[in-house]
Amino acid sequence: MNREKDLERIMEYYSDSIYRMSYFVLQNDQDAQDILQETLIKYMQKAPDFRSESHEKAWLLRVANNLCKDMLRFQKRNRHTDIEELTESYADTAELARTETRELITQVFTLPPKYKQVIYLHYYEGYSVKEIATILKISEGAVKKRLERGRNQLRLILEEDK
């Protein structure tokens with residue numbers, strides 16, 4: 001398969017996931033688009049050979065996650081979340097309409113990035129704890145603890161709002 005067709009396939013299958021994860025972490029449309037573009041550039045530069053489609057997707061999400069962390073590290077700015085924009089990006093995802101409410105999504109955005117990342121990968125992308133550990137290059141115990149702490153923080157936030 002030539003490089004151009006391979007890139008088209010990657011964009012078709014994975015661009016939405018990369019964009020959504022990046023947007024979820026960065027909370028900015030332009031930054032998320034930049035991360036998507038940089039991830040595709042890294043893919044073309046490295047030209048990795050994957051064992052499976054799940055390995056390919058995990059690699060792309062890991063690269064995007066690392067780029068997001070780099071962007072957060074070097075851009076110390078106030079974050080702004082445009083919930084309407086996120087809702088529109090998920091408009092075609094029936095799962096969101098069924099399982100999550102606007103309030104919950106808004107509250108997830110208030111979590112620290114390390115909790116948002118694991119919650120996004122687990123609940124929105126459907127990765128297991130082991131797969132998240134591999135993607136983020138942290139231990140399974142750290143993933144479990146971040147999921148637990150993120151859920152506990154969400155629970156407290158939601159209880160305060162009642």
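**The largest pocket and its surroundings**

Analyst: In this predicted model, helix H3 gives the most to the lining of the largest pocket, with four residues. Helices here are DSSP runs of H or I with at least four residues, numbered from the N terminus. H3 (53-74) is joined by helix H8 (129-136), each of the two supplying at least two residues of that lining. The whole lining consists of Arg51, Ser54, His55, Ala58, Arg62, Tyr127, Glu131, Thr134 and Ile135. A pocket is an open set of points on a 1 Å grid where a 1.4 Å probe fits, with protein on both sides within 12 Å along at least five of seven lines, and lining residues have an atom within 4 Å of a point. The volume of this one, taken as the space filled by probe spheres set on the points, is about 160 Å³.

Lysine 137 has a positive phi, near 60°, in a residue other than glycine, and at 63% relative accessibility it counts as exposed (over 50%). Glutamine 27, in the loop between helix H1 (3-26) and helix H2 (29-46), also has a positive phi, of about 60°, although it is not a glycine. Its relative accessibility is 5%, so glutamine 27 counts as buried (under 20%, with a 1.4 Å probe and protein chains only).

Within H7 (113-124), the buried residues are Tyr115, Lys116, Gln117, Val118, Ile119, Tyr120, Leu121 and Tyr124. Leucine 111, in the loop between helix H6 (102-108) and H7, is buried too, with a relative accessible area of 2%. Beyond its neighbours within four places in sequence, leucine 111 is in contact (heavy atoms within 4.5 Å) with Lys116, Ile119, Gly150, Gln153 and Leu154. Leucine 111 and leucine 154 are 43 residues apart in sequence, yet their C-alpha atoms are 7.8 Å apart in space.

As for confidence, the mean pLDDT (the predictor's confidence in each residue, from 0 to 100) is 80, and 79% of the residues reach 70 or more. Over residues 77-81 pLDDT stays under 50, and for this stretch the model has nine contacts beyond four places in sequence.

Residues are numbered from 1 along each chain as its sequence is written, and side-chain values use heavy atoms, with hydrogens and water left out. Local features need pLDDT of at least 70 and side-chain atom pairs count only at pLDDT 80 or more, whereas totals for chains, interfaces and linings use all residues.
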